[in-house]
Amino acid sequence: MTISVQGVVARGKGEPVEVTTVEVPEPGPGEALVAVQACGVCHTDLHYKQGGIGEDFPYLLGHEAAGVVEATGPGVDDVAPGDFVILNWRAVCGRCRACARGRPWYCFSTHNASQKMTLADGTTLSPALGIGAFAEKTLVAAGQCTKVDPAIGAATAGLLGCGVMAGIGAAINTGGVTRGDSVAVIGCGGVGDGAILGARLAGAQTIIAVDVDEAKLEWARGFGATDVINARAADPVARIRELTGGFGADVVIEAIGRPETYEQAFYARDLAGTVVLVGVPTPEMRLDLPLLEVFGRGGALKSSWYGDCLPSRDFPMLVDLHLAGRLPLDKFVSETIGLGDVEEAFAKMGRGEVLRSVVLL
């Protein structure tokens, strides 16, 4: 038996998305049916729409979401109907070599729902990041649900499902930012501003925001940037060095995913400093760095997958910090929209007019 709901589907590369009927199966073993209450419009959904991640069209878009568990299948005991949850796209297996070493945030065998959602004609849908939450209801693996305090509200909570968590985690979990550090963040969209917020939460002394958009730099100040650099007006590497006593930053976070900005991050860090790549490149991108410089500068070059987060550990903690007034997650929500507004939300994202458009259901 299936449930008919409305969802946002990308049928082909570059085609406008459409709202259409989606058939959602009842949950089977290890699965949960979630009534989605809010889902952010993330740049990764645009990547899917444009064919930058794969060619498994049609896609059921949306993944940065929160809602209420409506039903669970056999063998599910971590969540129950009525639980308010944030959805995550890295449900750890608990058994792979990363989990066995006590590093579940690197889980190499994350899982999704076994059953497939379909279009009304039976065509199988590929849910974005294994979630597909631009829909009134979605089917996920129960491990993709993390129970949190519903007082936070769905529009804000869902942001931790992807972009904001990726940024906060890039600073705290991957970059290891700590008290007194200097941090530079290149790219001040939702992920970059999340990194700025994470650096501030960790006690960084100097937080430098780099972008080419003055409006985004102003947003970055609101999240805790102590200094801003417009890369159209100044060389960001030289300015970061000036702002850090001539040395470079202890941690530089690249939140765009482009070779030229990664190279800036590489040269803008101090000796033995850390570069964190959290921006997502496209498959054709290549990087050329002198190997002697990689050796001579020391430190660490890291990639951050989902902010190296462990949802069961990080989501409740960050929700509690928000409710205590220490983490203004609600400032990321630029607007709330309906399912029919997703295509325009992608356009606004491209024009840099919003941090996050959030679909309310």
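Trainee: Leaving aside neighbours within four places in sequence, what is Met165 in contact with?
Mentor: Its partners are Leu159, Leu160, Asn173, Tyr306, Gly307, Cys309, Asp314, Phe315 and Leu318, where contact means heavy atoms within 4.5 Å. This is a predicted model, in which local features need pLDDT of at least 70 and side-chain atom pairs count only at pLDDT 80 or more, while totals for chains, interfaces and linings use all residues. Residues are numbered from 1 along each chain as its sequence is written, and side-chain values use heavy atoms, with hydrogens and water left out.

Trainee: Which helix does Met165 lie in?
Mentor: Helix 4. Helices (H or I, at least four residues) and strands (E, at least two) are DSSP runs numbered from the N terminus.

Trainee: Buried or exposed, Met165?
Mentor: Buried, because its relative accessibility is 1%. The cut-offs are under 20% relative accessible area for buried, over 50% for exposed, and partly exposed in between (1.4 Å probe, protein chains only).

Trainee: How do the axes of helix 4 and helix 10 cross?
Mentor: At roughly 105°, coming within 12 Å, with helix 10 covering residues 311-323. Axes are lines fitted to C-alpha atoms, for helices over the stretch in contact, and angles run from 0 to 180 degrees between N-to-C directions. The two helices are therefore roughly perpendicular; that label covers 65 to 115 degrees, with under 35 roughly parallel, over 145 roughly antiparallel and the rest oblique.

Trainee: Which residues meet there?
Mentor: Met165, Ile168 and Asn173 from helix 4, against Arg313, Asp314, Phe315 and Leu318 from helix 10.

Trainee: New topic. How many residues of helix 5 are buried?
Mentor: 10 of its 13, so the helix is mostly covered. Helix 5 spans residues 190-202 and reaches 18 Å from first C-alpha to last. Among the buried ones are Gly190, Asp193, Ile196, Leu197 and Gly198.

Trainee: What covers them?
Mentor: The cover includes helix 4 (163-174), helix 6 (214-222), strand 11 (182-186), strand 12 (206-211), strand 14 (249-254) and strand 18 (356-360). Gly198 is 9.1 Å from Met165, C-alpha to C-alpha, and the two are 33 residues apart in sequence.

Trainee: What comes just after helix 5?
Mentor: Gly203, with a positive phi of about 95°.

Trainee: Last one: at what angle do helix 7 and helix 8 pack?
Mentor: About 30°, with the axes 9 Å apart; helix 7 is residues 236-243 and helix 8 is residues 259-268. They are therefore roughly parallel. Helix 7 contributes Pro236, Val237, Ile240 and Arg241 to the contact, and helix 8 contributes Gln264, Tyr267 and Ala268.

Conventions
The expected span of a helix is 1.5 Å times one less than its number of residues.
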